[in-house]
Amino acid sequence: MTTEPLLRVENLKKHFPLRGGVLGKEIGQVKAVEGVSFTVQKGETLGIVGESGCGKSTTGRMLLRLIEPTEGDVYFEGKNVTDLSKTDLRKMRRDMQMVFQDPFASLNPRHTVEKILEEPLKVHGIGSPAERKKRVRELLEIVGLSSYHAKRYPHQFSGGQRQRIGIARALMTRPKLIIADEPVSALDVSIQSQVLNLMQDLQNEFGLTYIVIAHDLGVVRHISDRVGVMYLGKMVELTTSERLYDMPLHPYTQALLSAVPIPDPTFEKDSIVLQGDIPSPSNPPSGCTFHTRCPFKMDVCEQKVPLLQEQEEGHYVACHLYSKDGQAASQNIDKPEEVKI
Ligand code: SF4
């Protein structure tokens, strides 16, 4: 018997209009997200990684409809989020909360921590004033701060403490799913693991489900059960965290991983250096959008879009090296499996 995942995303797209000229007419489109599909099971952590501009943050925001999708569906507990009225969407956001990258920018500097944390409860009409204050103090303790911090202002905290406040705010409504967009990238490296460990402890304690968006593969590895790799608005590889790091199939994933330092000087790995910059999503390359930077490019790569297909159980990859179209052409090319990473 298959169980409905907590979250199911189908063919999600976001095209932003590109305007120009004196009249600001639409002269094109930026295809920020171009047909992304995935599921997240209850209690799971899905990491989404990619370079900046790959569409991972836009994807995260579309799940909550902080950005309206151009096309596609998001099902949360079987309900289509994209069809919900404003009232129903607000109710549903009790269960789906977001932790933002920059705790400096996401906390109102003029409000006390108490006011910041009470806000989500007020918006959803939860509890009496006394109950809300009690919950604020509880949550501060849960995230490793103290109840006396409630009367302080955001500028009186360090970066790590501010992110703890951001996490406490997300937890106020007892959500089921938290989407964390670069939750530690604004923090010192020494603080990052503390915040990630806190997130894991909270997940175990409250049975939370996470989507963690990051450009840093180290962060995602630390916390994720499965990882999806995005490139230019598309998911190019999706599998378990362990498998992705042990046996990456997509050349882009291999390049990303080969750039991650390994803390063992005796371990040798081949480095794949990516050529050029990420192309503009307003004018993406034909076929496989990675072909302009791919060391394994074949003729078919410029002509046909590779589909995200299951290669091994639960391991999906969008690359012609593994498709029927590319098999014949790739016979004389070193397969990515042969690259030691
Ligand atoms: Fe490289 Fe072709 Fe695979 Fe794209 S489809 S990643 S260009 S081998």
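These are my notebook entries on selected features of a predicted model.

**Conventions.** I number residues from 1 along each chain as its sequence is written, and side-chain values use heavy atoms, with hydrogens and water left out. As the model is predicted, local features need pLDDT of at least 70 and side-chain atom pairs count only at pLDDT 80 or more, while totals for chains, interfaces and linings use all residues.

**Entry 1: nonpolar cores.** I looked up the nonpolar cores, each a set of buried Ala, Val, Leu, Ile, Met, Phe, Trp, Tyr and Cys residues joined through side-chain atoms within 4.5 Å. For burial I use relative accessible area with a 1.4 Å probe and protein chains only: buried is under 20%, exposed over 50%, and partly exposed in between. The largest core has 59 residues, and Leu117, Val143, Ile167, Met199 and Leu202 have the most contacts inside it. Another core, of 31 residues, lies apart from it and includes Ile48, Leu84, Ile211 and Met235. In soluble globular proteins, nonpolar side chains tend to be buried together.

I then listed the contacts (heavy atoms within 4.5 Å) of Val143. Not counting residues up to four places away in sequence, Val143 touches Arg164, Ile167, Ala168, Leu198 and Leu202.

**Entry 2: helices 4 and 5.** Helices (H or I, at least four residues) and strands (E, at least two) are DSSP runs, numbered from the N terminus. In helix 4 (residues 113-123) I find Val113, Glu114, Ile116, Leu117, Glu118, Pro120 and Leu121 buried. Their cover includes helix 5 (129-142) and helix 6. Gly125, which follows helix 4, has a positive phi near 60°.

Leu140 is placed in helix 5 and counts as buried because its relative accessibility is 0%. Apart from neighbours within four places in sequence, Leu140 is in contact with Val113, Leu117, Leu145, Ser146, Ser147, His149 and Ala150. I also noted a C-alpha to C-alpha distance of 11 Å between Leu140 and Arg162, which are 22 residues apart in sequence.

**Entry 3: helix 10.** How many residues of helix 10 (residues 251-258) are buried? Eight of the eight are, so this helix is largely enclosed by the rest of the structure. The buried residues run through Pro251, Tyr252, Thr253, Gln254, Ala255, Leu256, Leu257 and Ser258. Among the elements that cover them are helix 8 (217-223), strand 9, strand 10 and helix 9 (241-246).

**Entry 4: buried polar side chains.** Thr59 lies in helix 1 (residues 56-63) and is buried, because its relative accessible area is 0%. A polar atom of its side chain lies 2.7 Å from the backbone oxygen of Gly55. Beyond residues up to four places away in sequence, Thr59 touches Leu12, Val33, Val36, Phe38 and Met230.

His15 lies in strand 1 (residues 7-20). With a relative accessibility of 16%, His15 counts as buried. I checked its polar contacts (pairs of N or O atoms within 3.5 Å; within protein, one must be able to donate a hydrogen and the other to accept it, and residues adjacent in sequence count only if both atoms are side-chain atoms). The side chain of His15 makes one with the side chain of Glu34, at 2.6 Å, and one with the side chain of Gln29, at 3.5 Å. Leaving aside neighbours within four places in sequence, the residues in contact with His15 are Gln29, Val30, Lys31, Val33, Glu34 and Thr70.

Entry 5: Arg174 has a positive phi near 55° and is found in the loop between helix 6 (159-171) and strand 7 (177-181). Leu232, also not a glycine, has a positive phi of about 50°; its place is in the loop between strand 9 (226-231) and strand 10 (234-240). Is each residue buried or exposed? Arg174 counts as exposed, at 57% relative accessibility, whereas Leu232 is buried, with a relative accessible area of 5%.

**Entry 6: cavity.** I searched for cavities, meaning sets of points on a 1 Å grid over the protein atoms alone where a 1.4 Å probe fits but cannot get out. Grid points are joined across faces, edges and corners, and a volume is the space filled by probe spheres set on the points. The count is one cavity of 30 Å³ or more. The largest cavity holds about 80 Å³ of space. Of the 13 residues that line it (an atom within 4 Å of a point), Cys288, Cys294, Cys301, Cys319 and His320 are the closest to its centre.

Technical notes. On a 1 Å grid over the protein atoms alone, a cavity is a set of points where a 1.4 Å probe fits but cannot get out, and a pocket is an open set with protein on both sides within 12 Å along at least five of seven lines; lining residues have an atom within 4 Å of a point.
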